[in-house]
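Have the model open beside you as you read.

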Amino acid sequence: MSFFAPKQSNSNSTPKHIVDPVLQPWIEKYRPRTIDDVSAQEHTVAVLRKTLTSTNLPHMLFYGPPGTGKTSTILALARQLFGPENFRSRVLELNASDERGISIVREKIKNFARQTPRAQVVSSDGKVYPCPPYKIIILDEADSMTQDAQGALRRIMETYARITRFCLVCNYVTSQSRIIEPVASRCSKFRFVPLDSDSAHLRLSHIAAAENVTVPPAVIDMLIATSSGDLRRAITYLQSASRLSSSTNPPTPITPTDIQEIAGVVPDTVINDLATVLGIDVGSETAIEADTEKGSRFQLIRKEVKRIIRQGYSATQVLAQIHDLVVLHPTLNGRQKAQVALVFAEADKALGDGADEELWTLEVALGVYKAVSYAS
Amino acid sequence: MRYKKCLNLVAVHQSRRQRSQGELHSRQLHQRLIDILHSWIAIKAAKSAPPPAHGSKVVPDGEPNCLAGLAFVFTGELSSFARDEAIDIAKRYGGRVTLQPSSKTSFVVLGDNAGPAKLAAIKKHGLNMLNEDQFLNLIATRKAGHVDEKTKKKLAKEQEAIRQAAKEMEKKEKEDAKKEDKQDGNLSSQLWTTRYAPQSLKDVCGNKSQVEKLQQWLHDWPSSLKSGFKKPGKNGANMFRAVLITGSPGVGKTTSAHLCAKLEGFTPIELNASDVRSKRLVESGLNINNTSLDGYLHGDKASVSITDKSCIIMDEVDGMSAGDRGGVGALNALIKKSMIPIICIANDRQAQKLKPLIHTTFSIPFQKPPVNMIRSRILSIAYKEKMKIPANVIDQLITSAQSDIRQVLNMLSTWKLSSDTMDFDESKSLAKMNEKYTVMSPFDITTKILGPYLFSPSARESLGDKMDLYFQDHSFVPLFIQENYLRSQPARMRNLEGPEKILKHLELMDKAASSLSDGDLVDSLIHGPEQHWSLMPLHAILSTIRPSSSMYGNGVHYGGPNSMAFPQWLGQNSKQNKLMRQLGDIQAKMRLKVSGDKSEIRHSYIPAFHPHLVQPLAENGTTAAEKVIRRMDEYYLSKEDWDTIVELGVGDHKDEIILKKIPPATKTAFTRKYNSSEHPIAFHKAHDLGKAPKKIAGGPTPDLEEAYEVDEIAEELSEEDEKKEKNKDDLSADKLIQAPKKKKVTNTASDKAKNKIKR
Amino acid sequence: MLWVDQYRPRTLDDLHYHKGLSARLKSLASSGDFPHMLFYGPSGAGKKTRISCTLRQLFGPGVEKLKIDQRVFLSPSKRKLEINLVQSNYHIEITPSEAGNYDRVVIQELLKEIAQTQQVDLNAKQKFKVVIINEADSLSRDAQAALRRTMEKYMSNLRIILCANSTSRLIAPIKSRCLLMRVAAPSEEDMMDVLQNVAKRVGFDLPPDAADKIVDDAEGNMRKAILVLEALKMQSPNLNGPLSIAKPDWETYCHKVADLIIGEQSPARIMEVRSKFYELLSHCIPPTVILKTVAERVVDKVDESLKADIMHWAAFYEVRMRNGNKKIFHLEAWVVKVMSLYKHFFYGIDMSDFD
């Protein structure tokens, strides 16, 4: 029967699951091969480079915002340590989408941790790898592990320290973070900073050149702006954009607007219109008369919100952009900004819980308006 | 404090208004606000003049029994005692407390906000009224033994009777002891409940007439049997071959039955919940024509020979459950043919299970005996056991045990181990300890929580006590509170008038409603995927106690205009689920033609269908049927779906209204027409095709390989395939294995049963 | 059939508005490098229509031969979960939210199964199959995480098209793996065009006034507009003179509720409103829609200074309805709050410190 016809046999199964290099995500394709390729994390890289020569590695905790190269760094490091042949037997990587309850820690992780590392295989590419006598377990997005699971990790980290090193990767390690203190204290911490625009620029241009896509500098700037230091996002956007542009015949050039659309970013004009209605000075000439009746103002705001929702923009995105606008605004005072921040925080939580977009965008708009008009 | 806050409010308001000057309107508004606030402050001040004197007054140490012979009625809210406390005080000093004032009432203790009905009664009887202080004063000054001659004599007489009874008991005991000396050892090792079980009908407390009826019935049995149960007899009892005694536990049902049977010369054969009483056993065991009863009388009872003078006592009939399937029916059949008297005993006559027995048995309901009837018996027992316990203490015990004699005896026998005397407070705490776990219905709980007393300033219930009410039935109580919290007249707005009252009422409701909303959030955490059961106490507070603390007051009762209602939520929710499912069916069928999801179907299509599917039938009658059916076929809708579409309407499109507009003839013609022709079907339901459902395993197999190590996946997949195949095999294998197993089990069970019977 | 279904565009070229989007989809479909996609936008903007047009572009008319298949899953508590699959030879469409809490398992099972089967039609234009996931924004976090892995794993013979009303509830990794396709609601002119086109195909003249009115009423929902057009045409065949657009039953009912709230503020009235809410809820009107419709109506009728507060509380209780179990509790709390606000305003007491 049509759709669920079982696979005929395995004999004709060409290696189906190997992703065509053309289709391979660029983030995988251009993952740094060595830690020296890692962009903009000079300090961390410098420390890690030493471990390469001494082959002594502590337990590590990588933290920093998404897309700053945490996972790439540890993978690159592992590759450099073990080489491609030994990599499989020496490295275990688990990330958030894998089951990582306490049972997995107790079974899978513990089992892997206590194996004596297999003998080094002579690498085929003729290079010599340090291949130190331990294995590495990478726990990506470790802050999403349950408390219990982390608790179970504590002893494992100590007992098998001789033959196994852990590398935890997470976003935050502040006191409120979900990495429990005993685990955090067993690791040496490495902070990853958001990419500065120069390194991001460099990297993106490099990829563009390698992929043979012509990308004007304005587009790269837009990529960096919309991805806010997250290189992975920037690369993904770039790939989508090039896909779109190359699909037409002849290929259309990529424009900054394309990037905005791909990133789901609300165009500035829309945000500025909304801000104007809310009484925020955005330097546009069509500022609404200050002495307009309050009542009609409510209607105005409501109408504007409805318009935005109809355009299909996501409320979280609108929220984020209005937030940037208000918080960085030159003339609003601290009190107003603080008040607005409260509104934003609440709305963000609500939207995360799946609240109705229109109601909450309106709520944010009204809250901002109230705060902004308070002093004037 | 409050006053200050109000002034602040005015000040804030003033300053705020000053900012937006120039509006005449706002100034007027402002003035009005200040007026209102001032009047409100005045009322506040007046109200708080006598400070709520909770626990401020000390109960004087009066002489014991100083209130003896006096009858009290308490009404209204006392300022420093809760009602229950005041009643306790009166009882402790030997006073009698009644609920309604009557001519026999000596004093009425009057508090605030007394009910008008009671006031009228007080006026009518011209009763003495006391306020709280006078009441306390009375206790402090009145001398004990201030009893008139008549009561004195009465008391003396009672004492004498008690002594007499005790003596008699002792005599009998000795006789018994002599008789059973060799077999049973000494009596003191027996439970009190056995030792003081009634030996004669005289000893049975209360229900005299009922016991007589029972005895009479047994007495007349031979003649009734002879006459074929044709002669009704004095009270119609002789028409029946069985009686059904009902009543709450511990009122002496079983005892009376045994006694009566013995007295009338029958040999009682008792079957109770410890015996298996399934249909088969009742049928075969109690051989229907009673020629041989030894079927069930195996083992130690076998020595009892069955004669015409046997009598069956089926105890705990309402306990025939679970394993005793069909037991009641079989019993009923037995009763219809029985040649010996059958006495059935149950707690609740209304129980659904006993329905079949109602017509075949003569009903003898046992009431809870009144306190004074039990009192004398208990007093004699206490006397005999050489315990010194005053009558009012006994009363307290009996009331708290809800007239359960057995319970009282048990309490006393335990107490005897440590002490020979007991005073009022001790009895109170003992009773509290042995408190019958009364299961209050959600209705009662709601009445109590939302009622005027639980949260009144003088109430002594702790937060824990209030939460206990929630935990009595934590799934229903919150629903009841939500359903009924609007029906009270909140006590908190009692002293307000006019707009303030309305505003206060709205504020209180607002508080209650938002707390209910909080409670629901907690509820979803408790019953959500993570099951935070530890939040239950919080839920108790938010869903039940906080709303009630705002809204408590008069008004939530059975009956009357504000009568308490059963939570609508349950019915509405199941209706919603049902319609949701049906809507899902419609959406699935329409999916081939329509892109919308469920809610879009409901929002846009259902109203749009109305003029196409429903209206023509109402307007054009049968002639439109064909067109309607064609339209339905376009969307693969069936007649059932048509019904659902009609049912989904609200307002003007409500199904009742719509269906009324369509003449019944049209409806039937429409149905007939639809059924007579073939219709396209979008798909077959899976269970119609007999597809085996796939089990969702508890936890899926974790994927542990890395994202970019692609080459390994292929292998792993095929492995998983195999696993799946295996699982399927297992499943079917299981099914096959299980089926015969089940049969076997039932076989052995029936075998066992057979064996039992044979024996 | 109703016009809205009868005159639904079938190919990308037939689509009337968002020409740029259509062109982009067309070029993507023919490029051979077809990514996972996420269509989002308000209800009635034409997401599903665009998806099916894209499918047709990808696979040809064969994709329109649909059939429905029902799968039954047993939850661990032995409850039967019925999942409807709409499928053609080339694609399959699922609505995982039908499985409630078990959506993750259903997604994993189904996708794995689909990924392991080959394209049956050897002449198919594409060697991958397409899985359309409806109501993607109601997927649980777990299901989304599972989907994220699946999207990477089966990229070679499977493409996933997600369809959602908003992207707020989707986790970032999913969003970044998809090409985002925003389908905005059509503008008023766009809608006017479509209406005129439908009228032309049916064969009558649509007076601009009537079209104006319909567009006004539809609030960017194309489906609604066409349904209303047909209803109007039935009601008054020549579409001239003053037209009154009949609101859907539930909307009228919601407005009644709003009027009740403003008319009187008392416990008895709250209970009346409660029973009305129950009526709406049990007849499958989503609580959010009820709250929004009633709130908008109330806001239209009260004094300016109250509007912001009323909307604030509506938003406040709306999110609570999402998190809570019993929607009616929150609806009622909102009603009481509004009544209290209204009455306080009526008596002139400032409520800004009240919460």
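Predicted model: local features only at pLDDT ≥ 70, side-chain atom pairs only at ≥ 80, totals over all residues.

Residues are numbered from 1 along each chain as its sequence is written, chains are lettered from A and ligands numbered from 1 in the order in which they are written, and side-chain values use heavy atoms, leaving out hydrogens and water.

C:Glu188 sits in helix α7 of chain C; helices here are DSSP runs (H or I, at least four residues) and strands are E runs of at least two, numbered from the N terminus. It belongs to a surface patch of negative charge together with C:Glu189, C:Asp193, C:Asp209, C:Asp212, C:Asp216 and C:Glu219. Two elements of chain C, α7 (188-202) and α8 (208-218), each give two or more residues to this patch. To join such a patch, a residue needs over 30% relative accessible area and no salt bridge, and like charges are joined within 9 Å. Asp and Glu count as negative, Lys and Arg as positive, and His and the chain ends are not counted; the place of a charge is NZ of Lys, CZ of Arg, CG of Asp or CD of Glu.

Now for chain C as a whole. It has 14 helices and 7 strands, and 66% of its 355 residues count as buried. Its C-alpha trace spans about 75 × 55 × 35 Å along the principal axes.

| Residue pair | N to O distance |
|---|---|
| A:Glu358 and C:Lys292 | 3.3 Å |
| B:Asp518 and C:Arg320 | 2.7 Å |
| C:Asp249 and B:Arg602 | 3.4 Å |

C:Asp249 in helix α10 (residues 249-263) of chain C pairs across chains with B:Arg602 in helix α23 (residues 598-620) of chain B, and both residues are buried. A:Glu358 and C:Lys292 are both buried too. C:Arg320 is buried, with a relative accessible area of 13%.

A:Glu358 and C:Lys292 also take part in a salt-bridge network with A:Arg302, A:Lys306, A:Asp356, C:Glu296 and C:Asp300.

How values were computed. Patch = residues over 30% accessible without salt bridge, like charges linked within 9 Å, V, L, I, M, F, W, Y side chains within 5 Å. Areas by Shrake-Rupley, 256 points an atom, 1.4 Å probe, with all protein chains shown as cover. Salt bridge = Lys/Arg side-chain N within 4 Å of Asp/Glu carboxyl O. Buried < 20%, exposed > 50% of the residue type's maximum accessible area, 1.4 Å probe, protein only.
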